[in-house]
Amino acid sequence: MAAEFVLILNAGSSSLKFSIFETTDGESWKLDAKGSIEGLGSSPRLSIKNSAGSQIADQDLDRQVGGREALDILSEWLRKQYAGAQLQGVGHRVVHGGDRYRRPVLVDHETLEDLRRLIPLAPLHQPHNLNAIEAVFERFRCVPQVACFDTSFHRVHAPVAELIPLPWEICERMGLRRYGFHGLSFEYISSVLPKVAPEIARGRVIVAHLGNGASLCAIRNGKSVDCSSSYTALDGVCMGTRPGAVDPGAILRLFQGCGLSVADVECILYEKSGLLGISGISNDMRLLLASKDSRAALAVDYFVYQVSKQMGALVAVLGGLDGVVFTAGVGENSAEIRRRVCEAATWLGVKIDADANERRASRITTADSKVSAWVIPTNEELMIALHTGQLLGLMHAKA
Ligand code: AMP
């Protein structure tokens, strides 16, 4: 068959990330190119690499380039690069599917409007995700679009795991519940476990997605049971610039004691807390690990402490543990953080293999470790491509 392509978009407030996947057999997707336009609204820059990782575009863009212009630039590049090829679909990462969207969905104008109702639940991400869908409707009129939600994988949690213990009527009216995020990453990891780590695939697994955003997911037999993130992506473990769990009383105090506005507090919670807030230096784990500053060290200690504490809580939910998976920027690349988290989990039966961990082997625990630990690179884009291909009928049905 002729090659078929899908475009995968992850549109944020200051960046547009994209990947192009190709299939020639209708059975699997192969990455063809991956890139981003970062610095939207400040100093935008286009960067694209091919499947071998070689740079095929790298240029500064006009300062005026915002989200819509970024899509114009991408469409123009696509038309040149893939002249004559038919784009079969566009798959989007959409952060919030609320209670209604429990799986990926083909988006029409009505669905788009419905998804806009969820903007208050994710004000910093949802509008950009949806604006990208609208912009694609305008530019590629006949190309079908699929929305894949970061919340969907968690929509099988027990009611007790979803509760937010505020007045019932307020929660009902405002949709306050523990939705959970990073679902596409957890779903991808769960989907590859049978091949990569078959001995734990049907067991009790904690996946630690440790990147600039970080959360842990408790998985039993491939399904999400609970996770550390909650109503918004602020809750749970400490992140690059977000605090993770904080006493709500401390937030009230910001309003009462410092006279800060809602916008000020939102900015503190999303952009100035977590590793950056503690260290006062950076949200980048690499810099903090390399720093001799005592607050940088404290920030790393707090990160490891909270990840370990959350892991203990999720083990209680699972009633035991068979495996741990590390993924995302920190989880995939920092042997030190993995070592420290594994050492803190010695009581659970995790026995790290120092050499395997340094080499970033797939399995990083000793053969006699009661609980195995693994490093598995996440691939949210591929997960979106798979959903998009399935929904659009681009993949042959497997027998
Ligand atoms: P992500 O959000 O998954 O792209 O992860 C980004 C984060 O990964 C960055 O903020 C870095 O702090 C972290 N990171 C990437 N490489 C390393 C490394 N070699 N050691 C420690 N942290 C790293």
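Contact here means heavy atoms within 4.5 Å, and angles run from 0 to 180 degrees between N-to-C directions. With that in hand, helix α14 (residues 335-344) lies across β9 (204-210), β12 (323-327) and β13, at about 155 degrees to β12. Please keep in mind that this is a predicted model.

**The ligand and its shell**

- Ten names make up the surroundings of the ligand: G211, N212, D284, M285, R286, A328, G329, V330, N333 and S334.
- By class, the shell around the ligand holds five polar residues, three nonpolar ones and two that are charged.
- At G329, a backbone N or O atom sits 2.8 Å from a ligand oxygen.
- Two elements, α11 (285-290) and α13 (328-333), each give two or more residues to the shell around the ligand.
- Helix α13 is the one that gives the most to this shell, with four residues.

**The five-stranded sheet**

- Five strands build an open sheet with mixed pairing, and their order is β11-β10-β9-β12-β13.
- At the edges you will find β11 (223-227) and β13 (372-375), each of which pairs on one side only.
- From one strand to the next, the twist averages 25 degrees.
- Strand β10 (residues 214-220) is joined to β11 by four bridges in the antiparallel sense.
- A218 has D226 of β11 as its bridge partner.

- Strands β3 (residues 30-38) and β4 (residues 45-50) run antiparallel and share six bridges.
- Opposite I37 stands L46, which belongs to β4.
- The hairpin of β3 and β4 has six residues between the strands, and G39 there takes a positive phi near 70 degrees.
- β4 also pairs with strand β5 (residues 55-60), again in the antiparallel sense, over five bridges.
- K49 has Q55 in β5 as its bridge partner.
- Four residues lie between the strands in the hairpin of β4 and β5, where G53 takes a positive phi near 90 degrees.
- As you look along these strands, remember that in a regular strand the side chains alternate between the two faces of the sheet.

How values were computed: Residues numbered from 1 in each chain as written. Predicted model: local features only at pLDDT ≥ 70, side-chain atom pairs only at ≥ 80, totals over all residues. Heavy atoms only, no water. Near = heavy atom within 4 Å. Polar contact = N/O pair within 3.5 Å; in protein donor to acceptor, adjacent residues only side chain to side chain. Nonpolar A, V, L, I, M, F, W, Y, C, P; charged D, E, K, R; others polar. Pairing = 2+ DSSP bridges.
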